[in-house]
Every structure is written in structure tokens, then in C-alpha cells.
Amino acid sequence: MLYRLPQTLAIILTFLLILAPSIFAQGQWNWPEKPQNLQVFPSDWSGQRLSAPMRGFTRALGVRCSYCHVGEEGKPLSTYDFASDENPNKERAREMIRMLGSINDHLKKIEPSAAERVNMWCHTCHRGNAKPMTLDEELSAAFAGGGMETALARYKELRENYYGHGMYNFEDEGPLNSLGYKVLEANNLEGAIKIFTMNTEKFPKSGNVWDSLAEAYMVSGDLAKAEEYYKKSLEIAPWNDNAKKMLEEIEKK
Ligand code: HEC
Ligand code: HEC
């Protein structure tokens, strides 16, 4: 008799802690018995069968149901209109499902190099991000929208929120280096030097970042600094022919 007590307790606790809150949180909402507006999933699918893909979408994109459906965040799901096509992200998602189908059809045309075929999923591209932009694209868009300080603020914000999630490339010098060149092309020498300097602090072992900083100083006419940083780049990357060439040019001047 005694040994049964913990088991019963465990069942009750499981219900209270796991099952009950999820039932109440959904405001008694149930998957529709018969969906009304399926255009890409088989039209004879029951609502319940949509549960796995719909939850999969939210995880893959890092969003909630309201991102694609008509409904207000925080309100019970029973107030949502899931059959409506009014939210444009629903149609975007449909096109994505079709695209994913055709990508996987293409993949079937190659002989896989290992026993297991590798498939493509929403999260292969999205990785928890509704708009799967690269860090270069994010910075470029922020720069186009509000200039250098906006781009740097965006970098800081993304790094704080997503570092370690594998969503953006914070692991090498590439993205900040590209931003530095955009700023340089926009004739903001001081800004470019600031960004390249920042990159040398973050990635001091990259020959590339010192080469970029040297280039900005070369443009500014500060040959002493240009020489110092080209030399630094060559120390790290002896194969950097550009640095050799630039040092010869500085020598001539
Ligand atoms: C990334 C976008 C996206 C997200 C997020 C999403 N859905 Fe959907 N949902 C769709 C699309 C697209 C369809 C239509 C599929 C089709 O046309 O075959 C759909 C259809 C449905 C339907 C069927 C409606 C009908 O009657 O035709 C239900 C119910 C539904 N979703 C519930 C949910 C729930 C609940 C969530 C949150 C857990 C959710 N969805 C999250 C894109 C999304
Ligand atoms: C091959 C990569 C790839 C795959 C796979 C993929 N997506 Fe996308 N998705 C993108 C890109 C890139 C964009 C941004 C397009 C743009 O706005 O320029 C995007 C945009 C979207 C958007 C619009 C987001 C917005 O705010 O504008 C939705 C919704 C979406 N995808 C849903 C999905 C779903 C659901 C799946 C799986 C069925 C999926 N995607 C699979 C690359 C992908």
C-alpha cells in the first residue's frame, strides 16, 4: 500500500505541473477537426496532424502562432482565425513549404556521399530567425538605413542577443571588415578607422584586420601608421602579398 503512494502522487503532480497549465493556457482551444483552408498540406489532413508542423514552424523561426496567423499575442488561441489568409506571412510560409519540397526533390537527384541522406528543413536556413539574414546583410541594411553608428549599435544588439546561437558569424573578422569597407567607400575615413581598429581588438590574430586598418591609414595619408600595420599583418600572415607591395610603395615615398 505504502509503496503505491509516491506513484499516485507522481501522476497527480505530473498532471498539475505539465498537463494542466498547457490546457488552461490555451483557453480550451482544440485543433479543428477539419481544417478549412489547406492549400499545401493534403486537404484531408485532420487539424491534429498540423500540430507538429505548426509547432515546428514556431521553433524554426523563433516566433509565435500570431506571426503567420490572424490573432493577438497574449489572447487565447480560441480568438484566432487560423483559416484566414489575411496575415501575409502565411502566404510567405506556404511558398516556403513549396520551395522546401522542390529543394528536397533536387537533393534526391544526387547520390549521397554517406549512407544517410541529408534533408533540408525550415531551421536549416532559419535557425530560430524569421528573416535569416547573414551578419553582413544585417550590418549593411543598418548602415544603409541610419549610417555607421546605427550599424555598430545593431552589431552590439545582435551580439548580446544571439552570440553562441550559431545564427550569425561573430567568430571571424569578416562582417565588421566588410562594414569598415562600406564606411570607407562612403568617404567616412574616421569611421572606417574606428571600425577596423575595433576589429583588430576583437581579432588581433587575423592578418586581414591589420591589412584593412593599414589601408585606411594609407588613404588618410598617415604613412607611418600604414607601415606599422602592414608590417604587423605580414608578421601574422607572411603570404600577404598586398602588404608586401604596399610596404614597397611606402618605401618609395
Ligand atoms: C511560419 C508561419 C506559421 C506559423 C508560425 C504557424 N502557422 Fe499555422 N499555418 C501556416 C500555414 C502556411 C498554414 C496553411 C497550410 C496550407 O495551406 O496547407 C497554416 C494552417 C494552420 C491551421 C489550419 C487552419 C485552417 O482551418 O485551414 C491551423 C489550425 C494552424 N495553422 C494553427 C497554428 C498554430 C496553433 C500555430 C502556433 C503553434 C501556428 N499555426 C503557427 C503557417 C504558420
Ligand atoms: C533555403 C533557405 C530557406 C528555407 C529552407 C526556408 N526559408 Fe523561409 N526564408 C528564407 C529567406 C532567405 C527569407 C527572407 C526572404 C526575404 O524577405 O527577402 C525567408 C523568409 C521567410 C518568411 C517571411 C519572414 C518575414 O518576416 O519576412 C517566412 C514566414 C518563412 N521564411 C517561413 C519558412 C518556413 C515555414 C520554412 C519551412 C517550410 C522556411 N521558411 C524554409 C530562407 C529559407
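I started with ligand 2. I found 18 residues around ligand 2, and Tyr67, Met96, Cys122, Cys125 and His126 come nearest; a residue counts as near if one of its heavy atoms lies within 4 Å. The model is predicted, with pLDDT of at least 70 needed for local features and 80 or more for side-chain atom pairs, while totals for chains, interfaces and linings use all residues. Residues are numbered from 1 along each chain as its sequence is written, chains are lettered from A and ligands numbered from 1 in the order written, and side-chain values use heavy atoms, without hydrogens and water.

**Iron of ligand 2.** I looked up the protein donors (N, O and S atoms within 2.8 Å of the metal, or 3.2 Å for Na, K and Ca; water is not among the atoms, so sites may look incomplete). They are Met96 (SD) and His126 (NE2), at 2.1 to 2.3 Å from the iron atom. Met96 belongs to helix H3 and His126 to helix H4 (residues 122-126), so the pair ties together parts 30 residues apart in sequence. Helices here are DSSP runs (H or I, at least four residues), numbered from the N terminus. The 6 donor atoms subtend angles of 84 to 180 degrees, which makes the arrangement octahedral. For six donors, that term requires opposite donors over 155 degrees apart and all others between 65 and 115.

I used pairs of N or O atoms within 3.5 Å. A side-chain N or O atom of Tyr67 is 2.4 Å from an oxygen atom of ligand 2. For His126, a side-chain N or O atom is 2.8 Å from a nitrogen atom of ligand 2.

**Shell of ligand 2.** Which helix gives the most to this shell? H3 does, with 7 residues.

**Ligand 1.** Next I checked the other iron atom. Its protein donors are Met54 (SD) and His69 (NE2), lying 2.0 to 2.3 Å away. Met54 is in helix H2 and His69 in the loop between H2 and H3, so this pair ties together parts 15 residues apart in sequence. The iron site of ligand 1 is octahedral, with angles of 85 to 179 degrees among 6 donor atoms.

I then listed polar contacts. An oxygen atom of ligand 1 is 2.6 Å from a side-chain N or O atom of Arg94. A backbone N or O atom of Gln36 lies 2.9 Å from an oxygen atom of ligand 1. A polar side-chain atom of His69 lies 2.8 Å from a nitrogen atom of ligand 1.

Last, I noted that H2 gives the most to the shell around ligand 1, with 5 residues.

How values were computed
A polar contact is a pair of N or O atoms within 3.5 Å; within protein, one must be able to donate a hydrogen and the other to accept it, and residues adjacent in sequence count only if both atoms are side-chain atoms. Helices (H or I, at least four residues) and strands (E, at least two) are DSSP runs, numbered from the N terminus. Four donors count as tetrahedral if all angles lie between 85 and 135 degrees; four count as square planar and six as octahedral if opposite donors are over 155 degrees apart and all others between 65 and 115; anything else is irregular.
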